[in-house]
Structures are given as structure tokens and as C-alpha cells.
Amino acid sequence: MTQTVAVLGTGKIGEALLSGMIRAGWRPANLLVTTRRSERAEELHSRYGVDSVTNAEAAKRADILILAVKPQDMGRLLDELAEHVTADRLVISAAAGITTAFIEDRLTASTPVVRVMPNTPVLVDEGMSVISAGSHATTEHLAAAEAIFGGVGKTLRVPESQQDAATALSGSGPAYFYFLVEAMTDAGILLGLPRAQAHDLIVQAAIGAAVMLRDSGEHPVKLREAVTSPAGTTISAIRELENHGVRAALIAALEAARDRSRELASGNG
């Protein structure tokens with residue numbers, strides 16, 4: 001944690017990483033940020049004690065650069081950084097659909113690049129960040145990325161060829177659960193419950209189920225069967241889910257998300 005880390009792009013994800021690093025023991029003096037607006041720079045300095053610099057200065061001063069900009073802004077950012085990033089820097093990309101090859105081709109030869117796909121629960125320290133090495137990144141570089149993203153949740157190493165699948169499951173995953181909670185809340189209203197009560201019931205059920213999945217070590221089928229009594233309410237509901245093709249719809253949805261991730265990675269945005 002004695003290295004200098006620069007977060008380039010301090011939106012919600014960038015700020016979550018910054019906050020997580022400080023909680024994990026990084027000194028604000030070893031952290032830099034870049035922002036588009038001076039008011040944002042002042043806000044981050046007041047909140048975390050970190051200095052705001054230009055992208056070029058960040059590239060010159062930092063040992064690790066975290067590129068947390070939007071995918072459509074990545075090309076322009078790399079053009080700005082190219083002449084300042086030397087091969088002894090570690091570049092970590094947190095932009096969806098941007099390959100390590102895309103970044104490597106625009107920087108000094110042999111620059112180590114690590115690709116990370118975090119999801120939005122990093123905002124509450126419950127994120128899942130999927131990490132892949134570029135062609136010049138070592139296990140030490142992966143460990144450095146894990147130390148940063150581990151401060152805001154869990155991390156998982158995968159080959160970069162699996163990043164599109166991981167994006168479909170994990171990167172987009174929270175949205176699927178929000179969609180289900182929304183639909184189940186509407187169902188609760190239809191069944192006669194006030195919206196607030198329906199919402200609270202579904203959210204706590206979701207939290208409890210997630211913790212049981214994480215902590216019990218049981219297969220989800222076994223946990224589901226424990227709730228499903230013969231000729232009871234749960235099996236009646238599950239029959240309707242199967243009759244309406246919910247399982248097939250979920251599989252098709254995740255395939256569509258994976259395919260879109262591939263399109264973005266190929267530049268067909």
C-alpha cells in the first residue's frame with residue numbers, strides 16, 4: 001500500500017474504489033484522482049483528503065492507473081495518456097467491453113494491463129469484480145488488482161475469454177434481481193398488500209435467500225426443495241414459473257447480454 005494509485009474517472013464506481021482503498025488502509029497521500037469539474041475535485045478532497053490532478057500528471061506520478069471512465073471515453077483517454085505511461089506502470093481497466101488488447105495497442109509496448117468487471121454493489125462493499133490478465137500482466141499484477149477491488153467486495157480471476165459471460169451474469173446481474181423485485185412487489189400489490197409492505201417483504205426475502213446461498217454451502221436446488229412442501233403454495237407458484245418459461249427466458253436473457261458484451265468489445269457499439 002506504499003504505491004501511488006490514480007483513479008481516472010471518479011463517478012460512482014471510481015469513488016467507491018477510492019473509498020474502499022482508504023478503508024483498507026491506503027493513505028490519501030498515495031491516492032490521486034482525476035475529474036472533469038473543479039467542484040468534484042474539491043468535493044473528493046474534502047471527503048477523502050485526496051489530490052486531483054490532470055490525466056497526464058496521474059500517468060507520470062502513479063504506479064497504478066485505474067481507468068474508470070465510460071467505455072466510449074476510453075479511446076480518447078488512452079490517446080491522452082499514451083506518451084506518459086511507461087512499461088513499469090500497471091494499468092487497470094474497469095470499463096465494460098474494453099479488451100486488454102485494445103489498451104495495450106495504444107500504450108507503450110509491454111505495459112501490463114489488467115481488465116476488471118465490477119458490478120454496482122461495490123457501492124455497498126458487496127461487489128463482485130471479475131479480473132483478467134492482459135498479455136503482459138503477471139500474478140503480482142493480478143494480486144495488486146485484487147487488493148484494490150477486494151476492498152469493496154469479492155474478486156474472481158477468469159481468463160479474458162470468459163469476461164463476456166461474466167459480464168452477463170455478474171456485471172448485469174444486479175439489474176435482473178431489481179427487475180424480479182419490481183415484478184414481485186407489483187404482484188404483492190395485486191394480492192392486496194400496500195406497496196411499502198410488499199417491498200419490505202420481498203427485499204428481506206431476497207437478502208435472507210442470498211445469505212443462505214452464500215453461507216450454507218448448499219446447492220440452490222436443495223434450498224428450494226426445503227421450502228417446497230408437497231401440494232403446497234410454493235410448488236404451485238413454481239409450476240406457473242415453469243409453465244411460463246421463466247427458466248428459458250433467463251437463459252435467453254443472459255445469452256443476449258453476453259452477445260451484446262461481445263459486440264461492444266469488437267467496437268460495434
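Helices (H or I, at least four residues) and strands (E, at least two) are DSSP runs, numbered from the N terminus. The structure is a predicted model, in which local features need pLDDT of at least 70 and side-chain atom pairs count only at pLDDT 80 or more, while totals for chains, interfaces and linings use all residues. Residues are numbered from 1 along each chain as its sequence is written, and side-chain values use heavy atoms, with hydrogens and water left out.

**Domains and annotation**

The protein chain is divided into domain 1 (5–158) and domain 2 (166–266), with bounds that come from an automatic or database domain assignment. Two annotated spans come from UniProt, where positions are given in the numbering used here, feature names are shortened, and annotations may be inferred rather than shown by experiment.

The C-alpha centres of domain 1 and domain 2 lie 32 Å apart. Contact (heavy atoms within 4.5 Å) links eleven residues of domain 1 with nine residues of domain 2. Buried area is the accessible area (1.4 Å probe) that two parts lose on being put together, summed over both; between domain 1 and domain 2 this area is about 720 Å², of which carbon and sulfur atoms give 57%. On the domain 1 side, G97, M117 and N119 supply 45% of the area buried against domain 2, more than any other three residues.

**The second largest pocket**

A pocket is an open set of points on a 1 Å grid over the protein atoms alone, where a 1.4 Å probe fits, with protein on both sides within 12 Å along at least five of seven lines; lining residues have an atom within 4 Å of a point. The second largest pocket has a volume of about 1000 Å³, a volume being the space filled by probe spheres set on the points, which are joined across faces, edges and corners. Of its 36 lining residues, the closest to the centre are G9, G11, A68, V69 and K70.

Domain 1 and domain 2 each give at least three residues to this lining. Helices that each supply at least two include α1 (12–23), α4 (74–81) and α12 (246–265). By class, the lining has 15 nonpolar (Ala, Val, Leu, Ile, Met, Phe, Trp, Tyr, Cys and Pro), eight charged (Asp, Glu, Lys and Arg) and 13 polar residues (the others, Gly among them).

UniProt, in an unreviewed entry, places a "binding site" at T35, A68, V69, K70 and P71. The pocket lining takes in T35, A68, V69, K70 and P71 from this set. A68 lies in the loop between β4 (64–67) and α4, and P71 is found in the loop between β4 and α4. Leaving aside neighbours within four places in sequence, A68 is in contact with L8, G9 and G14.
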